[in-house]
Amino acid sequence: MSTEDKKTRAQLLKQLREQYRDTVDRTQALLKEHNAVRKEIFKAMGDEPRTVPEIAELSGVSSHEVLWHITALKKYDLVAEVGMDGEYYQYQKVKGGAS
Amino acid sequence: MALEKLQVDSLIVGGGIAGMQAALDLADQGYQVALVEKEASIGGKMIALSKVFPTLDCCSCITTPKMSAVAHHENIQLLTYCEVQALEENGGGYTALVEKKPRYVIEEDCTGCRECEYACPIDLPSDFDRGMGAYRAVRVPFSTAVPQVATLDIENCILCGKCEKVCPHGCIDFTQTARHFEIETTAIVLATGFEVTPKDAKKEYGAGQFDNVIDGLMMERLLAPTGPYGHVLRPGDGKEPDSIAYVQCAGSRDATLGIEYCSRVCCMYAIKQAMLLSGALPLADITIYYMDIRTFGKGYEQFYQTARAMGIEFVKGKVAQITEDENKNPVVRVEMLDEGSKIVERTHDLVVLSVGLLPGYNPGSLYGVPAADDGFVTVPSPNISPSETARPGIFVTGVAAGPMDIVDSIVLSGAAASEAAAYIEAHNSRVAVSESKGKKELAHV
């Protein structure tokens, strides 16, 4: 992409951000919230295989919410299912995926 | 500027199983068909189901070839992410004004590689997985979507431009706007489908506030091979459930909800899911609380008897209330009609509400087709012309006409295609006669 094209593209995105300011602001707030929750989830997971209730207890995030985030992270290869502990599956961070 | 125009024999509205079947049945007879679908992919509700009753065929295995056949049929023009906005009569036929919503992706160039989806930072609850899984703000709707094209959800996008940077074919186009065009057609077939009773409709059942009380369509996703968790787990905490209960008529035959009709599919889908659960979780106890079991289709009664023989517990009784214990296990309060009407409370790991079918869309104002008291499209002569509406040239199929299962939807779509074909032929004959009359009159001048 030429410098001129890069400038035009940046300008277009800026214009669109202005046009969709309300939805962009709402979505940015959602992203911020998700990032904060995931930081807690990853901290609770460490490098060990963990079940959803374990992560929920260690992170203080509700087990329903933990499961939703783990499901999203698993879909996009950031977390993997690695085994079972009783009635619960265990999940672990994928090396090079999650931070 | 003049609008782009398409001329077809029949316009099909809705790309679920009923609409696809009607489109294929008409196109196979040589009629030109336009199929308009409001979502980014065809497939409707059926593509999200696990297996079909009573054969237990894999839904995806049956639906995907039909989706592909629709997309590749030489007589079908597939118009996804489009909605009919207005309809006018035009000399024996109709002209529909259609809006194509912007995908912000150049459809012709997108290969469905999903690079954009992986780069997108926004995770949203997935409608396809009934909120249990996630998808991104830019995404291919689901793995077997037709067309395999990404769509950017601008209302849930931060416009970071990451998708645009990674797309190998330069498909992301933030400048796209809605496009309008007209479809001139002789006949219309409405296949606008259904919605299910909202999970929060009944406060007695927790008003949608209990994580481990789900609806039948959520269980379909849990049982599907492409489901959100990859296993049957309860959404509250990911536990593999040992005890699962079904509450029948949770939204049908219920005067308190204003839904007095039987939805005709809930008994069979609950029995089917119970059988599939017996396979997926062989040690789990499965209970179905019911008022009546209605298994009226071909092979359905045998299906029910097989389920009983497999050890699924059928309890005759209406569930009055569902509460939650301290471990978030649903507690079902039920009058056991076969045990002297005693009231008991039973705790389960997961409860499935067998929710009913509601009309998904009222075509009244746009298509001039009245709805009956139950909200489904009125069919004035169901015994003689089961798909004919009150307006000439407009036909209806699938659950838009009233609650029915997939088998009946396929049958009715065949009927709708036949009735539409007869209407098109009659129309074409009238046009041919009036044209030849015109020629004769001209010859005498």
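This is a predicted model: local features need pLDDT of at least 70, side-chain atom pairs count only at pLDDT 80 or more; totals for chains, interfaces and linings use all residues.
Pro54 of chain B sits in the loop that runs between strand E3, residues 51–52, and strand E4, residues 57–58, of chain B.

Chain B has another case to look at. Val146(B) and Pro147(B) are joined by a cis peptide bond, and omega there is about 0 degrees. Pro147(B) also lies in a loop, the one between strand E10 (138–139) and strand E11 (151–152) of chain B. Why point these out? Because most peptide bonds are trans, and most residues other than glycine have a negative phi.

Asp77(A) is not a glycine, yet its phi is positive, about 60 degrees. Where is Asp77(A)? It is in the loop between H4 and E2 of chain A.

Both of those elements belong to the next topic, the sheet of chain A. This is an open sheet of three strands in the order E1-E3-E2, with antiparallel pairing. At the edges are strand E1 (50–51) and strand E2 (79–85) of chain A, each of which pairs on one side only. E2(A) is joined to strand E3, residues 88–93 of chain A, by six bridges, and the two run antiparallel.

For anyone new to sheets, strands pair through backbone hydrogen bonds, either parallel or antiparallel.

Back to chain B, and to a hairpin. Strand E6 (residues 82–90) and strand E7 (residues 93–100) of chain B pair in the antiparallel sense over eight bridges. Within that pairing, Leu87(B) has Ala96(B) in E7(B) as its bridge partner. How many residues lie between E6(B) and E7(B) in the hairpin? There are two, and Gly91(B) in the turn has a positive phi of about 45 degrees.

Further along chain B there is an open sheet of three strands, ordered E18-E19-E20, again with antiparallel pairing. Its edge strands are E18 (319–324) and E20 (342–347) of chain B, each pairing on one side only. Direction ignored, neighbouring strands of this sheet are turned by 20 degrees against each other on average. Strand E19, residues 330–336 of chain B, is joined to E20(B) by six bridges and runs antiparallel to it. Val334(B) has Val344(B) in E20(B) as its bridge partner.

One residue of strand E20 of chain B is Ile343(B). Which residues does Ile343(B) contact, leaving aside its neighbours within four places in sequence? They are Arg333(B), Val334(B) and Glu335(B). Cys266(B) is 77 residues away from Ile343(B) along the chain, and their C-alpha atoms are separated by 24 Å.

Last topic: how the two chains meet. On the chain B side 40 residues are in contact with 33 residues of chain A. The size of an interface is often given as the accessible area lost when the parts come together. Here chain B and chain A bury about 3,200 Å² between them, with 56% of it on carbon and sulfur atoms. Which three residues supply more of the area that chain B buries against chain A than any other three? Asp123(B), Ile158(B) and Leu159(B) do, with 19% of it.

Now the polar side of the interface. Three salt bridges are found across it. Glu164(B) forms a salt bridge with Arg9(A), where the closest N and O atoms are 2.6 Å apart. There are also 21 residue pairs in polar contact across the interface of chain B and chain A, both partners at pLDDT 80 or more. Four elements of chain B give two or more residues to the side that touches chain A: helix H3 (115–119), strand E8 (123–125), strand E9 (134–136) and helix H4 (162–166). By type, the residues on that side of chain B divide into 19 nonpolar, eight polar and 13 charged.

Definitions and conventions
Residues are numbered from 1 along each chain as its sequence is written. Chains are lettered from A and ligands numbered from 1 in the order in which they are written. Side-chain values use heavy atoms; hydrogens and water are left out. Contact means heavy atoms within 4.5 Å. Buried area is the accessible area (1.4 Å probe) that two parts lose on being put together, summed over both. A salt bridge is a side-chain nitrogen of Lys or Arg within 4 Å of a carboxyl oxygen of Asp or Glu. A polar contact is a pair of N or O atoms within 3.5 Å; within protein, one must be able to donate a hydrogen and the other to accept it, and residues adjacent in sequence count only if both atoms are side-chain atoms. Ala, Val, Leu, Ile, Met, Phe, Trp, Tyr, Cys and Pro count as nonpolar, Asp, Glu, Lys and Arg as charged, and the others, Gly among them, as polar. Two strands pair if DSSP finds at least two bridges between them. Axes are lines fitted to C-alpha atoms, for helices over the stretch in contact, and angles run from 0 to 180 degrees between N-to-C directions.
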